[in-house]
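This report goes through a few parts of one structure, shown below. Each part has its own heading.

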Amino acid sequence: MNSVDIYTDGACKGNPGPGGWGVLMKSGATEKELFGGERLTTNNRMELMAVIQALQALKRPCAVTLYVDSQYVLKGMTEWLPGWKAKGWRTSTKQPVKNVELWQALDELVNKSGHAIDWRWVRGHDGNPGNERADVLANRGVEVALGRLPAPM
């Protein structure tokens with residue numbers, strides 16, 4: 001199984017507002033950058049999209065160390081998800097889970113991809129080189145959403 005380090009980030013100018021997601025993938029000496037955005041979205045949606053896009057980009061099962069600066073994504077995947085599923089995608093206060101379609105897509109990706117994922121939190125805007133690059137890419141995604149940059153091919 002190939003080992004891959006993935007750094008993800010989301011950005012939003014206004015919440016809701018135009019947003020972007022960014023991904024830095026590293027495996028040995030190989031690096032890949034991904035980014036994209038949406039015209040009207042939220043920061044949490046962009047954080048989730050970054051992880052979804054990163055995992056979808058992997059062509060075969062990998063040993064993934066996934067660095068996120070979003071407690072929402074980290075706790076969702078490592079703590080809250082089993083309870084949400086058991087309660088029919090409801091929170092502990094019986095409210096519908098926000099961004100449920102993204103959580104369901106991420107859950108399916110994680111469970112069907114064959115990846116071994118080690119979820120790690122990293123403090124955002126704290127000098128971590130991988131996180132800082134993911135942040136720059138997420139902001140590029142905002143520029144794509146606003147039509148100021150062409151979409152990546």
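## Asp 135

Asp 135 sits in helix α4, which covers residues 129–145. Helices (H or I, at least four residues) and strands (E, at least two) are DSSP runs, numbered from the N terminus. Asp 135 is buried and has no salt bridge; the nearest side chain of opposite charge is that of Lys 13, 6.9 Å away. Buried means under 20% relative accessible area, exposed over 50%, and partly exposed in between (1.4 Å probe, protein chains only). A salt bridge needs a side-chain nitrogen of Lys or Arg within 4 Å of a carboxyl oxygen of Asp or Glu. For charge, Lys and Arg count as positive and Asp and Glu as negative, while His and the chain ends are not counted.

Residues up to four places away in sequence aside, Asp 135 touches Asp 9 and His 125. Contact means heavy atoms within 4.5 Å.

## Basis of the model

This is a predicted model, in which local features need pLDDT of at least 70 and side-chain atom pairs count only at pLDDT 80 or more, while totals for chains, interfaces and linings use all residues. Residues are numbered from 1 along each chain as its sequence is written, and side-chain values use heavy atoms, with hydrogens and water left out.

## Helix α3

Helix α3 (residues 100–112) has 13 residues. From first C-alpha to last it reaches 18 Å, close to the 18 Å expected at 1.5 Å a residue; the expected span is 1.5 Å times one less than the number of residues.

The buried residues of α3 include Leu 102, Trp 103, Leu 106 and Asp 107. Seen down the helix axis, the buried residues of α3 fall within an arc of 160°, so they line one face. The arc is taken from the directions from the helix axis to the C-beta atoms. Exposed Asn 111 and Lys 112 are on the face turned away from the buried side. Among the elements covering the buried residues of α3 are α1 (43–57), α2 (71–86) and β5 (116–121).

## Aromatic pairs

The structure holds four aromatic pairs. Rings of Phe, Tyr and Trp (its six-membered ring) pair if their centres lie within 6.5 Å; planes under 30 degrees apart count as stacked, over 60 as edge-to-face and the rest as tilted. Tyr 72 and Trp 103 form an edge-to-face pair, 5.2 Å centre to centre with 70° between the planes. Tyr 72 is in helix α2 and Trp 103 in helix α3, 31 residues apart.

Tyr 72, Trp 80, Trp 84 and Trp 103 form one aromatic cluster.
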